Amino acid sequence: HRRKAPRAAEGSGDCRQAGRQWTKLVDVSEAQVGKTVLIRARLHTSRGTGKLCFLVLRQQYHTIQAVVSVGDKVSKQMVKFAADIHLESIVDVEGTISST
């Protein structure tokens with residue numbers, strides 16, 4: 001019989017092997033603008049518009065918007081892939097914090 005692996009709690013995990021650390025949404029603040037973070041969260045909503053995809057990521061009651069855009073590091077196929085991710089999927093996202 002195969003046993004299912006236990007599920008990691010949202011925002012948990014250990015990236016120390018790679019010298020990286022998960023960031024909890026509750027801890028994201030203006031002080032982190034310009035910093036690169038690694039976030040594990042559920043996909044709450046997504047909307048693709050050609051070369052852009054807007055994602056709302058959720059950890060418990062906290063949300064953050066992520067934007068995936070075609071550029072040097074991201075292909076148009078990756079933007080389409082991000083737009084097609086099923087809602088409520090757990091995703092790992094690396095990105096730079098910005099403020100509007």
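**Figure 1. A salt bridge links Arg-40 and Asp-92.** The side chains of Arg-40 and Asp-92 meet in a salt bridge, 2.7 Å from N to O. Arg-40 belongs to strand E1 and Asp-92 to strand E4 (residues 90-96), so this pair ties together parts that lie 52 residues apart in sequence. A salt bridge here is a side-chain nitrogen of Lys or Arg within 4 Å of a carboxyl oxygen of Asp or Glu. Helices (H or I, at least four residues) and strands (E, at least two) are DSSP runs, numbered from the N terminus. Arg-40 is buried, at 17% relative accessible area. Asp-92 is partly exposed, at 45%. Buried stands for under 20% relative accessible area, exposed for over 50%, and partly exposed for values in between (1.4 Å probe, protein chains only). The model is predicted: local features need pLDDT of at least 70, side-chain atom pairs count only at pLDDT 80 or more, and totals for chains, interfaces and linings use all residues. Residues are numbered from 1 along each chain as its sequence is written, and side-chain values use heavy atoms, with hydrogens and water left out.

**Figure 2. Glu-88 pairs with Arg-58.** The closest N and O atoms of this salt bridge are 2.9 Å apart. Glu-88 sits in the loop between H1 and E4, and Arg-58 in strand E2, so the contact ties together parts 30 residues apart in sequence. Which of the two partners is buried, and which is partly exposed? Arg-58 counts as buried, with 17% relative accessibility. Glu-88 is partly exposed, with a relative accessible area of 37%.

**Figure 3. Asp-84 and Lys-80 form a salt bridge.** Their side chains meet at 2.9 Å, N to O. Asp-84 is partly exposed, with a relative accessible area of 48%. Lys-80 is exposed, at 53%. By the rule used, the count comes to 3 salt bridges. Side chains of opposite charge can pair when their charged atoms come close.

**Figure 4. Four strands make an open sheet.** The 4 strands follow the order E3-E2-E1-E4, with antiparallel pairing. E3 and E4 stand at the edges, each with a single partner strand, so one side of each has no neighbour in the sheet. On average, neighbouring strands are turned by 50° against each other, direction ignored. Axes are lines fitted to C-alpha atoms, for helices over the stretch in contact; angles run from 0 to 180 degrees between N-to-C directions. Two strands pair if DSSP finds at least two bridges between them. E1 and E4 run antiparallel and are joined by 7 bridges. Ile-39 has Val-93 of E4 as its bridge partner. Strands of a sheet pair through backbone hydrogen bonds, either parallel or antiparallel.

**Figure 5. The largest nonpolar core has 14 residues.** Ile-39, Cys-53, Leu-55, Leu-57 and Val-68 touch the most other members. Two or more residues come from each of E1, strand E2 (52-59), strand E3 (62-69) and helix H1 (76-83). E1 gives the most, with 4 residues. Such a core is a set of buried Ala, Val, Leu, Ile, Met, Phe, Trp, Tyr and Cys residues joined through side-chain atoms within 4.5 Å. H1 lies across E1, E2 and E3, running at about 40° to E2. Leaving aside neighbours within four places in sequence, the contacts of Leu-57 include Leu-25, Ala-41, Leu-43, Ile-64, Val-91 and Val-93. Contact means heavy atoms within 4.5 Å.

**Figure 6. Gln-32 precedes strand E1 (36-48).** Is Gln-32 buried or exposed? Gln-32 is buried, with a relative accessible area of 17%. Beyond four places in sequence, Gln-32 is in contact with Thr-23, Asp-27, Val-37 and Ile-97.

**Figure 7. Thr-96 lies in strand E4.** Thr-96 is exposed, at 51% relative accessible area. Thr-96 touches Gly-34, Lys-35 and Thr-36, not counting residues up to four places away in sequence. Leu-38 is 58 residues from Thr-96 in sequence; their C-alpha atoms are 9.0 Å apart in space.

**Figure 8. Confidence in the model.** The protein averages a pLDDT of 86, and 81% of the residues score at least 70. This score is the predictor's confidence in each residue, from 0 to 100. Among the elements, E2 has the highest mean pLDDT (97) and E4 the lowest (95). Over residues 1-12, pLDDT stays under 50; the model has 14 contacts beyond four places in sequence for this stretch. Where pLDDT is low, the predicted coordinates should not be read in detail.
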